[in-house]
Every structure is written in structure tokens, then in C-alpha cells.
Amino acid sequence: ALSTFPFASTAQAQDEKLREFVVHEKNSEGQDVYRDSRIPDRPDTTLCYIYVGRKASGPLWLRLQVRYAGFRSLGMHTIIFTKGNVSLSMKLLPDLVHTGNNGVMQWEWYDAPPAENEIKALRAIIADPGVTLSLVGDKETITRELSNVERLALQNMAEQAIELGKNQ
């Protein structure tokens, strides 16, 4: 899980080029993490976002996280982004699907590096409102429209990843 404290005390020079809403933090493993501050980092939320990270001495990495929270587990195994006639279906690797609960709510999240073709498709799909996200589980499929904040945060972090990549 990402920590919530800002990493501002020893911020690097590239932080001056962060896009609006992008925060730079250190996670519990001491890695630099860049995320959109409009997206909550509580586990019991249903949302979708991307974030960028870097180990102390390594290349940038981009991660897609899709979360589901509800009273019953979903057993998520596929996620599908759809916009009009275009869709992106992603089979989830079981070891990258995580679960948790608080005694009442259960949550699942998928956290993985998207492939380059998935990033391109996702960027095209989220360019405009009206994107649906389907979480396909063992017994049911939950389909919902991405919120405008989720869509804008996805776009924002995709652009930020490009900027950070130029500074490597």
C-alpha cells in the first residue's frame, strides 16, 4: 500500500516539473512513488488508477491498479475497459490480485505493470468521458462508468510518466 505522507523534505529537482495534482511520496519500501492526489489510497474503495515509481537506483515503472470493494468477494480474473466500439480486455495474473477485508467489507485489487499496447489502448479509451470498466469475477461481473476524476487522473499520470521518463 502507498503511504500517505508527502515526500517533500528532500524532494528532487524534477519535482518542480510535476503536473497539477501529482504528488511525490516515499512508500514503505523507500521507493519514490508518483500518484494523483485526487485518488484515495484507502483499500476499501472501488476505483482505477495508474501510478509511477522508481527504486533508489533503477528505471521508472508504471503500474495500473484496479480496486473493487463490496460485501462479497468478486474473484476478479478479467478487467475490460470499453469506450464505444473499442475495448481493452486484460486477463489478470492470479498472483497480482490481492484481497483483504475489515470484517464487513471485502476488497480485491489488481496491481500490475500494463504492457505497452495496453497503455496505448487505455490512453485512447480514456481520452473522452463515457468509459466503462467491467470487473469479471467468478460468479458475477460488475460494470460501472469510470468517474471523471478517475479518467482525468489516469490521463494526468500517463502524461506525468512521459515527463518523468524524459528525465531518466
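The following dialogue explains how several terms apply to this predicted model.

Mentor: This is a predicted model, in which local features need pLDDT of at least 70 and side-chain atom pairs count only at pLDDT 80 or more, while totals for chains, interfaces and linings use all residues. Residues are numbered from 1 along each chain as its sequence is written, and side-chain values use heavy atoms, with hydrogens and water left out.

Trainee: How do you know how many helices and strands the protein chain has?

Mentor: Helices (H or I, at least four residues) and strands (E, at least two) are DSSP runs, numbered from the N terminus. On that basis the protein chain has two helices and ten strands. Along the sequence the pattern reads β-β-β-β-β-β-β-β-α-β-β-α.

Trainee: Why is F21 called partly exposed?

Mentor: Buried means under 20% relative accessible area, exposed over 50%, and partly exposed in between (1.4 Å probe, protein chains only). F21 has a relative accessible area of 35% and is therefore partly exposed.

Trainee: Why do A121 and G165 count as partly exposed?

Mentor: A121, in helix 1, counts as partly exposed because its relative accessibility is 23%. G165, in helix 2, is partly exposed because its relative accessible area is 34%. The C-alpha atoms of G165 and P59 are separated by 8.6 Å, although these residues are 106 apart along the chain. Over the whole protein chain, buried residues make up 43% of the 168 residues.

Trainee: What makes a group of residues a nonpolar core?

Mentor: A nonpolar core is a set of buried Ala, Val, Leu, Ile, Met, Phe, Trp, Tyr and Cys residues joined through side-chain atoms within 4.5 Å. The largest has 33 residues, and those with the most contacts inside it are L64, I79 and F81. Another core, of six residues, lies apart from it and includes I39, L47, Y49 and A153.

Trainee: Which residues is I79 in contact with, leaving aside its neighbours within four places in sequence?

Mentor: Contact means heavy atoms within 4.5 Å. Among the residues in contact with I79 are L64, V66, L88, Y110 and L133.

Trainee: What makes the lining of the second largest pocket nonpolar or charged?

Mentor: On a 1 Å grid over the protein atoms alone, a pocket is an open set of points where a 1.4 Å probe fits, with protein on both sides within 12 Å along at least five of seven lines; lining residues have an atom within 4 Å of a point. Ala, Val, Leu, Ile, Met, Phe, Trp, Tyr, Cys and Pro count as nonpolar, Asp, Glu, Lys and Arg as charged, and the others, Gly among them, as polar. By these classes the lining has 13 nonpolar, no polar and one charged residues. Helix 2 gives the largest share, four residues.

Trainee: How do you know the volume of the second largest pocket?

Mentor: Grid points are joined across faces, edges and corners, and a volume is the space filled by probe spheres set on the points. For the second largest pocket that volume is about 210 Å³. Of its 14 lining residues, the closest to its centre are I50, L62, I119, A158 and A161.
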